[in-house]
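Biologist: I would like to go through the charged side-chain contacts in this model. Shall we take them one at a time?

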Amino acid sequence: EKRKSAESYVEEFLSNHIFKLLNDATKGLMYDEILVYVSYPAKWTTGMAEYMQDIVRKSITRYNDSHAFLGYNCNVMVKGITEPLAAAYNFIHTRQKELIDARILKRGGAPVNIFMLDMGAGTSDITIFQLKIDENDIPHAINAFPYPSVDNPSLCGGHEIDEIVRNYILDYCRSHGSNIPDQNFRMQEAKVYKENVLSQCLNNDEDCDFPSALELLRTQNSSLLSFRLNRTSFEAITHEHWDKLYKLIESAMLNYPHAKAEDIDLLCLTGGHSQWYAVENLFNGKGIYGSIGKEGDKSTHILFKKLIAENWRITALKEVFPQESVATGLCHIGEKIVFEQCSANNVWVQFAINDAVSDLKLIVEAGQSLPIAKEVEFDLGVMEQDWNPKSFDDYRGYFKVYTGKELENSNCEKVDLSYSTGFFAMIFNVKYNVSAFCKIEAREDNTIKFDGNMNLIPTNTWFNTKVIPFDKR
C-alpha cells in the first residue's frame, strides 16, 4: 500500500512537471507533431523504463486536452533511450570532425573502439561501442553496449561520495569535541563543498580546508583547525566506492564480446561525477588507494594498454557542462548517426499452468545486436482440470520473462493467465491439450514487449478450443 501511494505521488509530480515543461517549451505555439525522448539509466528494468514513458504520455494527453477548445490536437510521439547511449550521441556529434582531422577516424577505415563512462549523481553508466565513418561522412556506432545490466547491484553515483564526505566531516567534528547535529551540515551543503572546493583542491593535488558552512563551529573549537583532506585521506575514506566502480568497469569490459580492454582506443568521461582526478587513475594504470586499477597489482585483471601508453586518449566532453551531456545528446538524436545497439542482458522465458512448468528458454543473449524478435512455443501436453473454488478458474497459467546477466539475480516480469472452462466441462471432466505461443521483442530503447496466447484444445470434440491472448510491455 505504501509503495502504491509513493508511485502515485511520483507519477503526479512528474506528470505536472512534464506538463509545465511542454507548455514552457511550446510557448503557446501550435505544432502538428512533437517528438519527445525520455532517457533513463542502463540498469533500469523494462517496467521502470516503460513506466517513465507512460508518465510522459499521460502528460501529453493532458497537454492536448488543455488545448482542445482551440480545436488543437498535437501528435506527440514518445521514445526511450538509455542515458549512456544519449551521451554517446553527444560524443559523436561533438568529436567527429576532430577525430577525422586527427586521422584517428578515416573515411571507410577500420572502426575505433570507444569506452564512455557517464557518471551522474545517482548512477554511473557505461557504453562501449565501435565508431566508424562511411564514405559519405555518416558516423556508424557499431555494437553499442550499454551497461550495467539489470541485475548488477552497483550504482556508483555521486551521491555516494556526498554521503561519505558528509559523514566523515560530522564524525571528525564529534571526535574533536563538537557535538554537532546532523541538520547543521546537510547533504546539499556537503555536495556544494565537494563540487566547489574538495574536487578542485584534489585535482590540483592540494590539501582541502574545512567547509565554510561550518566555519563558525571552528571558531568555537580550536581543535578543528587541524582539519585537512588530501588525496591520501580522501582515497582512504572513499576506496570502497572506487573499488565498486572499478569492478563495474571491469565487468562491462569482460562482458563486451567485440573488444578487449587493450583494444580500447579512446576513453570519454562525462557527467558531473566524472570530474574527480581519481577516475582517470582507474584507466591509466596509476590506480587508486595503492591498488585499485593499478598496473601490476594482482587485483587488476584488465589493462587499458593504449590509454596507459598515451594520456591524450583519455578525454572529457568540456563543450557542455558535464551534467548536461545526456540532455545535449538527446538533442542530436535526429542527426545522421547510425546506431547498432547490443543487448546488455540475457532474456529467458518460461510458461506454466497449474502444477506443470516448462523449461526455461534463452531467447536473447547479452551482446546480441538489437532489435531482436523471436517466437517461442510451449507444449505441456494433456492436462486434468484443477478447479479453484475462490476464483472459479480451473486452468491457471502464467508467463515469466527474466532479464539479467545471471538467472539467479535477474529481474522477473510475470503475466498471469487464467480460464474457467465452465460447469459442463468440469462435470464431464473434459481434458485439454495445453500449449502456448509467445513472441518476444527486445527493443533498442531497452524495453521488452511480449505477447501471444495460451491455447486449450479439448480432447473431447464436443467442446470448443479456448484461446486466451495476452500483451505486455
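Modeller: The model is predicted. To begin, Arg228 has a relative accessible area of 41%, so Arg228 counts as partly exposed.

Biologist: Which side chain meets Arg228 in a salt bridge at 3.4 Å, N to O?

Modeller: The N to O distance is 3.4 Å, and a salt bridge requires the nitrogen to be within 4 Å of the carboxyl oxygen. The partner of Arg228 is Asp209.

Biologist: How many residues apart are Asp209 and Arg228?

Modeller: The side chains of Asp209 and Arg228 form a salt bridge. Asp209 lies in the loop between α5 (187-203) and α6 (215-220), and Arg228 in the loop between α6 and α7 (231-255). The pair links distant parts of the chain, the separation being 19 residues.

Biologist: Is Asp209 buried, exposed or partly exposed?

Modeller: Buried means under 20% and exposed means over 50%. Asp209 has a relative accessible area of 32%, so Asp209 is partly exposed.

Biologist: Which residues are linked with Asp209 and Arg228 in a network of salt bridges?

Modeller: Asp209 and Arg228 belong to a network of salt bridges.

Biologist: Which helix holds both Lys20 and Asp24?

Modeller: Lys20 and Asp24 form a salt bridge, with the closest N and O atoms 2.9 Å apart. They are four residues apart, so about one helical turn separates them, in helix α1 (residues 2-26).

Biologist: What is the closest N and O distance between Asp101 and Lys97?

Modeller: Asp101 and Lys97 are four residues apart in helix α3 (residues 83-101), which means about one helical turn between them. Both residues are exposed. Their salt bridge has its closest N and O atoms at 2.8 Å.

Terms used:
Residues numbered from 1 in each chain as written. Predicted model: local features only at pLDDT ≥ 70, side-chain atom pairs only at ≥ 80, totals over all residues. Heavy atoms only, no water. Helix = DSSP H or I, 4+ residues; strand = E, 2+ residues; numbered from the N terminus. Buried < 20%, exposed > 50% of the residue type's maximum accessible area, 1.4 Å probe, protein only.
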